[in-house]
Amino acid sequence: MNPIKIALICNYELLPERVGGMDYFFWMFDAKCKKNGIQVDWFFPNQSQHGDYSKLTIFNSNYQNVENYFLDFCIQNQTTYSFIITHFIELCTPFFKKIKQVSKAKVVAIDHNPRPIDGYPFKKKMEKKIKGFLFSKYIDQFIGVSNYTVTEIISDFGTQVRSKTRTIYNGVVIKDIKVRTQRNVIHPNFLVVSHLRESKGIQDLIVAVSKLPSPILSGIRIDLFGDGPLKDFLIKSVHQHQLDSNFRFMGSQPNLNALYCQYDYMLQPTHMECFSLSILESLAANVPVITTDVGGNEEAVLDSENGYIFKAKDVNALTTLLEQVYLGKKKIELNTRAVIENHFSLDHMVENHLALLFNNKF
């Protein structure tokens, strides 16, 4: 039996200042593959030596199109792969047909992409249906990182993909996350962990806080961890609403696993999500999450059990939740770490991805 050899294509920039859950997944998956005698060639837009990337066999496209780079690599090197796996690559494009023209490998496409809260415009829906009809046949297995994502894959590309689409949840490194041992019921403190862009809904949070009664405004504190293109706008909005004493912009932090436990609740007012690793990390730190009803959020956060769910963009609902939680009228008493340990650990994620390579149902 020939040894298994994998090409793993990731349109994912390797940045030492932004080490997150996917980086840990790549490192652990590569290590597990080697332990099982499986060779992995990694194709990224760039090269990096931070963390365990120095242990990976990386071919980088020097920020050129990583898909075209991979196809040229296959043609020039006549490399034989057992599996070709894609992450952060658009699904059902001509690229997948071209893969089958240069390789006999089984193709697995992992979908990490969130969908717009109001769905795609009609024209884009039709384009996706057509692409599904033309190119889904060249993908042997679709993987969604949540049940929500699986539903959206089938909706996007057609019911013909249903039989070869399944969920493998994203996971987090449990052991490195420090745990909150005691939660403040009255006057809790809050954090936000988010890329600062419009779809993350931080602008809604600012407006929601501005609507709180004066006695609460005199005490409530929210620390925002993250950076992004909306940062200047958000800082200006905080100032315009006279909330400078309520919000602190903490920037990007490399040690979030040690910081979650310093807070009582995490806020994530996002408008679109696939399956949030920051939600999983917060819950693993025994820090409940207040978030919206989009994407796979409700697969991790059970309303009134390990957090609270409100309708995306409903600023008034968020204001009410903040007031009730801050005054102790609503409280989460459950240790939220257990559900992450049992269902959403990085170990589970890696083992489930490894099992794909030994699945005879392709």
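Is S245 buried, partly exposed or exposed? With a relative accessible area of 48%, S245 counts as partly exposed, because the partly exposed class lies between buried, under 20% relative accessible area, and exposed, over 50%, for a 1.4 Å probe and protein chains only. The model is predicted, so local features need pLDDT of at least 70 and side-chain atom pairs count only at pLDDT 80 or more, while totals for chains, interfaces and linings use all residues. Residues are numbered from 1 along each chain as its sequence is written, and side-chain values use heavy atoms, with hydrogens and water left out.

S245 lies in the loop between α8 (231-240) and β10 (247-251); helices (H or I, at least four residues) and strands (E, at least two) are DSSP runs, numbered from the N terminus. Leaving aside residues up to four places away in sequence, S245 touches I220 and R221, where contact means heavy atoms within 4.5 Å. S245 and L322 are 77 residues apart along the chain, and their C-alpha atoms are separated by 17 Å.

Another serine, S194, is found in the loop between β8 and α6 (202-210). S194 counts as buried because its relative accessibility is 8%. Its contacts, not counting residues up to four places away in sequence, are K200, I202, F225, G226 and D227. One of these, I202, belongs to the buried set of α6, together with Q203, D204, L205, I206, A208 and V209. With 7 of its 9 residues buried, α6 is largely enclosed by the rest of the structure.

Helix α9 (residues 277-284) is mostly covered, with 8 of its 8 residues buried. These are L277, S278, I279, L280, E281, S282, L283 and A284. The cover over them includes the helices α1 (21-35), α10 (297-300) and α12 (337-343), as well as the strands β8 (190-193), β11 (265-268) and β12 (289-292). After α9 comes N286, whose phi is positive, near 65°.

On a 1 Å grid over the protein atoms alone, a pocket is an open set of points where a 1.4 Å probe fits, with protein on both sides within 12 Å along at least five of seven lines, and lining residues have an atom within 4 Å of a point. Of the 48 lining residues, the closest to the centre of the largest pocket are R18, G20, G21, H195 and L277. The lining divides into 23 nonpolar, 17 polar and 8 charged residues, with Ala, Val, Leu, Ile, Met, Phe, Trp, Tyr, Cys and Pro counted as nonpolar, Asp, Glu, Lys and Arg as charged, and the others, Gly among them, as polar.

P16 lies in the loop between β1 (5-10) and α1. Beyond residues up to four places away in sequence, P16 touches S48 and H50.

Helix α2 (residues 66-77) and helix α3 (residues 94-102) pack at an angle of about 10°, with their axes 10 Å apart. The two helices are therefore roughly parallel, a term for angles under 35 degrees. Axes are lines fitted to C-alpha atoms, for helices over the stretch in contact, and angles run from 0 to 180 degrees between N-to-C directions. In this contact, E67, F70, L71, C74 and I75 of α2 meet F95, K98, I99 and V102 of α3. The contact residues divide into 7 nonpolar, no polar and 2 charged.

Notes: Parallel < 35°, antiparallel > 145°, perpendicular 65-115°, else oblique.
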